[in-house]
Amino acid sequence: MSVQERLRDQVAHALRAALISGELRPGVVYSAPALAADFGVSATPVREAMLDLAREGLVEAVRNKGFRVTELSERDLDEFTEIRALIEVPTVGRVTRTATRDQLEALRPEAEAIVAAAREHDLIAYLEADRRFHLGLLGLAGNARLVETVGDLRKRSRLYGLTRLDQRGELVSSAEEHLELLDLMIAGDAEAAEECMARHLGHVRSLWAAGLEAPAEEEEPLRLRAR
């Protein structure tokens, strides 16, 4: 990877962190030169990083102005959650019946990493471990398109204001549901695993809605964060 590619990757990582924390706000247009000045880099890697985020549906280009953070409504959240439930709940039941104990146990480090990140208030690590766990679990069904679809839904239904939820201690209980789910699957209880997965998605939905509704607080300036 070239220096330019690494810089773009670092900027994209920092922008995702700013989206998660609510530092970059829905509906607001941000210019690449202004963000570049905040980061202390040239505008080129910022534009490239923003284009990466646009492909993920996190921002949209505004001609001659910059990029607008995509707004996420209550209806969007409901629709994303409904689709995920239609896919993930029965898939968890199927994987419970077909996966080996070793395959499921291989996911335990990710489930534990989610809990550790929640307790350590490391929001980026939390979301990255959460993504690896859920997509890895779905991958055991052997359907790459299914994993790709859920991965896209996850990107589009990212958290706003996650920092405030973390400060209220609400992420730890959600994180621990991953270990509960894994234990039920290893025990071979497909019905209970499906119920746990449905409850988990509903819990995540309520957390995300709370993030959308949380009032703005004073924020620190944007800065480049190393991976």
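Which residue is the bridge partner of V29 in β3? The bridge partner is R68. This is a predicted model, in which local features need pLDDT of at least 70 and side-chain atom pairs count only at pLDDT 80 or more, while totals for chains, interfaces and linings use all residues. Residues are numbered from 1 along each chain as its sequence is written, and side-chain values use heavy atoms, with hydrogens and water left out.

**The chain overall**

- The chain has 11 helices and three strands, where helices (H or I, at least four residues) and strands (E, at least two) are DSSP runs numbered from the N terminus.
- Starting at the N terminus, the order of elements is α-β-α-α-β-β-α-α-α-α-α-α-α-α.
- Of the 227 residues in the chain, 48% are buried, meaning under 20% relative accessible area with a 1.4 Å probe and protein chains only.
- The accessible surface of the chain (Shrake-Rupley method, 1.4 Å probe) comes to about 11300 Å², and carbon and sulfur atoms hold 50% of that surface.
- Among contacts (heavy atoms within 4.5 Å) with a separation of 6 or more, 77% are between residues 24 or more positions apart.

**The sheet**

- The three strands form an open sheet in the order β1-β3-β2, with antiparallel pairing; two strands count as paired if DSSP finds at least two bridges between them.
- β1 (29-30) and β2 (59-62) are at the edges and have a single partner strand each, so one side of each is left without a neighbour in the sheet.
- Strands of a sheet pair through backbone hydrogen bonds, either parallel or antiparallel.
- Two bridges join β1 to β3, and V29 is paired with R68 in one of the bridges to β3.
- Four bridges join β2 to β3 (residues 66-69); within β3, F67 is the bridge partner of A61, and G66 stands opposite V62.
- β2 and β3 make a hairpin with three residues between them, and N64 in the turn has a positive phi of about 65°.

**Helix α2**

- Helix α2 spans residues 32-39, and its buried residues are A32, L35, A36 and F39.
- Seen down the axis of α2, these buried residues fall within an arc of 105°, so they line one face of the helix; the arc is that of the directions from the helix axis to the C-beta atoms.
- An α-helix has 3.6 residues a turn, so residues three or four places apart point the same way.
- At the start of α2, a side-chain oxygen of S31 comes to within 3.1 Å of the backbone nitrogen of A34.
- Just after α2, G40 has a positive phi of about 75°.

Methods: Buried means under 20% relative accessible area, exposed over 50%, partly exposed in between (1.4 Å probe, protein chains only). A polar contact is a pair of N or O atoms within 3.5 Å; within protein, one must be able to donate a hydrogen and the other to accept it, and residues adjacent in sequence count only if both atoms are side-chain atoms.
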